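Work through the exercises below with the sequence and the coordinates at hand. Each task is followed by a solution in steps.

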Amino acid sequence: MNKDTKCNHPAPSEDSLLRELKKEIIKLKSLNRRAAEEIRDLDDMIIKSIEDNKVIEYPEEDKAYFAGFSSINLLNRLEGRTNGGYVENYDDLHLEMQELDDHLEVLNESR
């Protein structure tokens, strides 16, 4: 028993902590990219609305999504109100995450 922590759990290794930090960085990169895309989309919609001098119309099936649900979800993730702990569909970030997972698997097999 570890007398400092009063539990049976071993302390995480430096490799494990570093890997978890790298994963968190990948998740934050993903969230950052998604935020930039969302801001760009909203900016384009506002500019188009001003240039056309009319209110933006959405197809009936897309009204709920475009009316703000994606923006509200993104803002909640950015503010930490909801879990932003996933990687959006960015191939390079998925590859980075897979490489970290593969490295962990190799380490576990060698023990």
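**Exercise 1. Helix length**

What should the 39 residues of H1 span at 1.5 Å a residue, and how far apart are its end C-alpha atoms?

Solution. The coordinates belong to a predicted model. The expected span is 1.5 Å times one less than the number of residues. For the 39 residues of H1 this gives 57 Å, and the end C-alpha atoms are 57 Å apart, so expectation and model agree. H1 is followed by Asn53, which has a positive phi near 55°.

**Exercise 2. Overall layout**

Solution. Begin with the elements: the chain has three helices and zero strands, in the order α-α-α. Next take the contacts between residues at least 6 apart in sequence: 70% of them join residues at least 24 apart. Of the 111 residues, 21% are buried. The accessible surface is about 8,900 Å², and carbon and sulfur atoms account for 54% of it.

**Exercise 3. Confidence**

In which helix is confidence lowest, and in which is it highest?

Solution. The mean pLDDT over the chain is 76, and 74% of the residues score at least 70. By element, H2 has the lowest confidence, with a mean of 68, and H1 the highest, with 86. Where pLDDT is low, predicted coordinates should not be read in detail.

**Exercise 4. The nonpolar core**

Which residues form the largest nonpolar core?

Solution. The core has six residues: Ile26, Val87, Tyr90, Leu93, Met97 and Leu100. Helix H3, residues 91-110, supplies the largest share of this core, with three residues. Beyond its neighbours within four places in sequence, Leu100 is in contact with Arg19, Lys22, Lys23 and Ile26.

**Exercise 5. A lysine in H1**

Is Lys23 buried or exposed?

Solution. Lys23 is part of helix H1, residues 14-52. The cut-off for buried is under 20% relative accessible area. Lys23 has 14%, so Lys23 is buried. Its contacts, apart from neighbours within four places in sequence, are Met97, Leu100 and Asp101. Other buried residues of H1 include Arg19, Ile26, Ser30 and Leu31.

**Exercise 6. A glutamate in H3**

Classify Glu96 by accessibility and find what it touches.

Solution. Glu96 lies in helix H3. Glu96 and Lys23 are 73 residues apart in sequence, yet their C-alpha atoms are 8.4 Å apart. Setting aside neighbours within four places in sequence, Glu96 is in contact with Ile26 and Lys29.

**Exercise 7. A leucine in H2**

Which residues does Leu74 contact, leaving aside its neighbours within four places in sequence?

Solution. Leu74 sits in helix H2, residues 63-78. At 6% relative accessibility, Leu74 counts as buried. The contacts of Leu74 beyond those neighbours are Leu31, Arg34, Ala35 and Glu38. As a distance check, the C-alpha atoms of Leu74 and Asn32 are 9.9 Å apart, although the two residues are 42 apart along the chain.

Terms used. Residues numbered from 1 in each chain as written. Predicted model: local features only at pLDDT ≥ 70, side-chain atom pairs only at ≥ 80, totals over all residues. Heavy atoms only, no water. Core = buried A, V, L, I, M, F, W, Y, C linked by side-chain atoms within 4.5 Å. Buried < 20%, exposed > 50% of the residue type's maximum accessible area, 1.4 Å probe, protein only. Helix = DSSP H or I, 4+ residues; strand = E, 2+ residues; numbered from the N terminus. Contact = heavy atoms within 4.5 Å. Areas by Shrake-Rupley, 256 points an atom, 1.4 Å probe, with all protein chains shown as cover. pLDDT = per-residue confidence, 0-100.
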